Amino acid sequence: MVNYYVSKYRREEKTYYTHTGWRKIGGKWAYLHAGGAIGADGVLVDLSEGGEALSRYRLPETCEDAARAVKMAASFLEVADKRITFPLLAAAFLVVASEILRAVNIQLDFALFMVGKAQSGKSSLAALVLSFFGDFDKTAFPANFKMTPNSLEKTAFMIKDALLIVDDFHPAQNRAEKEKLKQAAQNLARAYGDGAARVRMGADLKLRAAFRPRGLAIATGEERPDIGESGQARMLFISVKRDDIDYYGKFKEVEANKRWLAKCMVAYITWLAENWEKLKEILPQIYSGARADMQTENSGRANEAAAKLALGLWLFHQFAIDSGGLAENDAVELMKEGGKILQQLAKDNIASLQTEKPTSQFITALQELAAAGQVEIIPVYQQNKPEDGKFIGCYDEQYLYLLPQMTYKAVAEFYMKQGLQFPVSSGTLWRQLHEEGLLFSRDEVRGRWTKRRAFGCCGNRPLDVIWLKKDILKD
Ligand SMILES: Nc1ncnc2c1ncn2[C@@H]1O[C@H](COP(=O)(O)OP(=O)(O)OP(=O)(O)O)[C@@H](O)[C@H]1O
Ligand SMILES: [Mg+2]
């Protein structure tokens with residue numbers, strides 16, 4: 001049995017790679033897919049650990065007519081409202097450049113989510129954009145919301161530098177199913193949003209095994225998952241209505257020629273490999289430019305995600321010019337039009353973030369900060385305080401004892417980093433936690449939300465701390 005977090009293995013003296021995307025082979029960058037590698041000969045790839053559908057991530061060996069392939073890729077923009085097709089096309093071209101972007105510290109830390117009613121055409125569109133990476137249709141997606149967290153994680157790790165579709169988030173029939181779907185959506189948002197693996201909290205409040213998604217995901221669903229503000233802020237939602245799609249016209253036409261989308265990817269991959277070093281130099285500047293073009297009065301994460309998509313569009317336009325598929329003027333026009341659409345997408349997403357109760361926001365942030373080791377809460381019997389400045393309090397079997405100011409500051413900063421403002425002051429927060437029966441340190445005599453307690457690690461001096469149930473950190 002192959003272990004999936006091994007990225008290659010040997011059998012009968014042969015080496016098998018177990019992921020898609022860029023890999024240095026014999027000192028040269030090559031792009032792995034189910035059928036071998038673009039840029040290296042005789043390479044064996046085995047994606048079977050990730051299930052049947054992954055064998056469809058198979059690219060043609062060559063592209064005999066790059067100009068024709070690029071024209072077909074540009075036609076993809078016409079299959080539906082450009083509000084929808086621009087971000088999808090941009091995502092496909094962006095993700096293939098991930099390896100170069102990682103080298104210059106630009107992380108693809110978001111996911112796309114197409115929301116629309118049943119039968120609106122979400123899955124059809126998802127299958128068509130995935131056709132840039134192989135022979136896909138909507139009966140065989142690489143991932144969906146019914147998968148176990150482990151297998152979704154595994155797939156997200158194997159599908160490196162390529163798009164992953166996670167299909168079909170739907171209204172649940174019962175509570176248990178609802179919780180399961182919500183958890184899957186939460187995992188997806190966290191994994192892609194933070195470039196971190198699913199948070200698994202041990203009894204010591206530490207993060208367990210970590211491995212990261214290495215591509216970009218597009219989810220589809222009938223409704224927005226109810227995963228709070230910080231979860232939703234990690235996703236860009238795109239709404240899809242049946243009328244948005246030119247189904248019997250352009251859609252059918254491009255679908256019938258979808259082989260050319262994969263051929264376009266082959267030509268693009270070759271172009272990236274040829275221009276690798278040059279791109280590494282200029283992409284950070286292009287990104288800063290795109291970032292500056294986004295609305296600045298609000299520093300939401302959506303702006304960053306949209307700027308990254310604009311970078312994907314820039315890559316497509318440059319490749320289209322170099323390969324002779326589009327005239328320079330047309331490519332520039334296309335990029336301008338797409339840039340405006342991406343700006344609007346960011347704006348709409350920031351405006352529609354669903355607001356969450358401050359107390360739930362507080363708990364979500366505390367859970368994530370603790371799980372990621374960004375704050376330290378140590379056992380009450382521990383005598384030494386960690387020296388890294390992340391200490392915010394102690395815990396025993398029953399309670400967390402938190403330093404109020406440090407804790408509030410950590411949570412407020414957690415949201416600030418996402419371009420969100422924590423909505424209430426610390427006093428209001430403690431009161432609301434008290435009203436919800438979550439805070440146990442109300443001192444009526446002193447009129448405070450804190451009680452005094454001494455801890456070995458802080459020299460046994462009595463400190464004013466807030467008491468919360470320890471359970472709140474388990475999600
Ligand atoms: N815009 C459209 N106009 C007409 N027919 C369409 C359109 N889009 C899709 N179809 C047809 O409707 C069917 C359903 O589309 P699709 O499965 O892509 O929708 P969906 O939004 O994923 O639905 P669900 O929520 O049920 O998963 C398709 O098989 C196709 O035949
Ligand atoms: Mg569907």
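Predicted model: local features only at pLDDT ≥ 70, side-chain atom pairs only at ≥ 80, totals over all residues.
Strand β8 covers residues 143–144, and with β9 it pairs in the parallel sense over two bridges. Strands here are DSSP runs of E with at least two residues, helices are runs of H or I with at least four residues, and both are numbered from the N terminus. Two strands pair if DSSP finds at least two bridges between them. Strand β9, residues 163–169, is mostly covered, with seven of its seven residues buried. A residue is called buried if 20 or more other C-beta atoms lie within 10 Å of its own, exposed if 12 or fewer do, and partly exposed in between, with C-beta atoms placed from the backbone.

Helix α5, residues 149–158, belongs to this part of the account. Its buried residues are L152, E153, T155, A156, F157 and M158. They pack against β8 and β9, and also against α6 (175–194) and β10 (216–221). Contact here means that the C-beta atoms of two residues, placed from the backbone, lie within 7 Å.

A record also bears on this region. The UniProt annotation "domain: DUF927", from an unreviewed entry, covers residues 90–189. UniProt positions are given in the numbering used here, feature names are shortened, and annotations may be inferred rather than shown by experiment. In the model, that span is 46% helix and 14% strand, and its end C-alpha atoms lie 20 Å apart.

I turn now to ligand 1. It is surrounded by 14 residues, of which the closest are G121, S123, S124, I245 and Y247. A residue is near a molecule if its C-beta atom, placed from the backbone, lies within 6 Å of it. Helix α4, residues 122–130, supplies the largest share of this shell, three residues. By type, the shell divides into three nonpolar, six polar and five charged residues. In this scheme Ala, Val, Leu, Ile, Met, Phe, Trp, Tyr, Cys and Pro count as nonpolar, Asp, Glu, Lys and Arg as charged, and the others, Gly among them, as polar.

Next come the sheets. One open sheet has three strands in the order β3-β4-β5, with antiparallel pairing. Its edge strands, β3 (21–25) and β5 (36–38), each pair on one side only. Five bridges join β3 to β4, residues 28–33, and within them G21 has L32 as its bridge partner.

Another open sheet has five strands, in the order β12-β13-β14-β16-β15, with mixed pairing. At its edges stand β12 (376–379) and β15 (451–454), each with a single partner strand, so one side of each is left without a neighbour in the sheet. From one strand to the next, the twist averages 45°. Axes are lines fitted to C-alpha atoms, for helices over the stretch in contact, and angles run from 0 to 180 degrees between N-to-C directions.

Within this sheet, β13 (residues 391–395) and β14 (residues 399–402) run antiparallel and are joined by three bridges. A hairpin of three residues connects β13 to β14, and Y395 has L400 as its bridge partner in β14. Helix α13, residues 404–416, packs on the sheet, touching β13, β14 and β16 (462–469), and its direction makes about 120° with that of β13. Strand β14 also pairs with β16, in the antiparallel sense, over four bridges; there Y401 stands opposite W467. Both faces of β14 are covered: Y399 and Y401 on one side, and L400 and L402 on the other, are all buried.

I close with two single residues. Q405 lies in helix α13. Why is Q405 classed as exposed? Q405 is exposed because it has 11 other C-beta atoms within 10 Å. By contrast, H317, found in helix α10 (residues 301–322), counts as buried because it has 22 C-beta neighbours inside 10 Å. Leaving aside residues up to four places away in sequence, H317 touches A331, V332, L334 and M335.

Technical notes: Residues numbered from 1 in each chain as written. Chains lettered and ligands numbered in written order.
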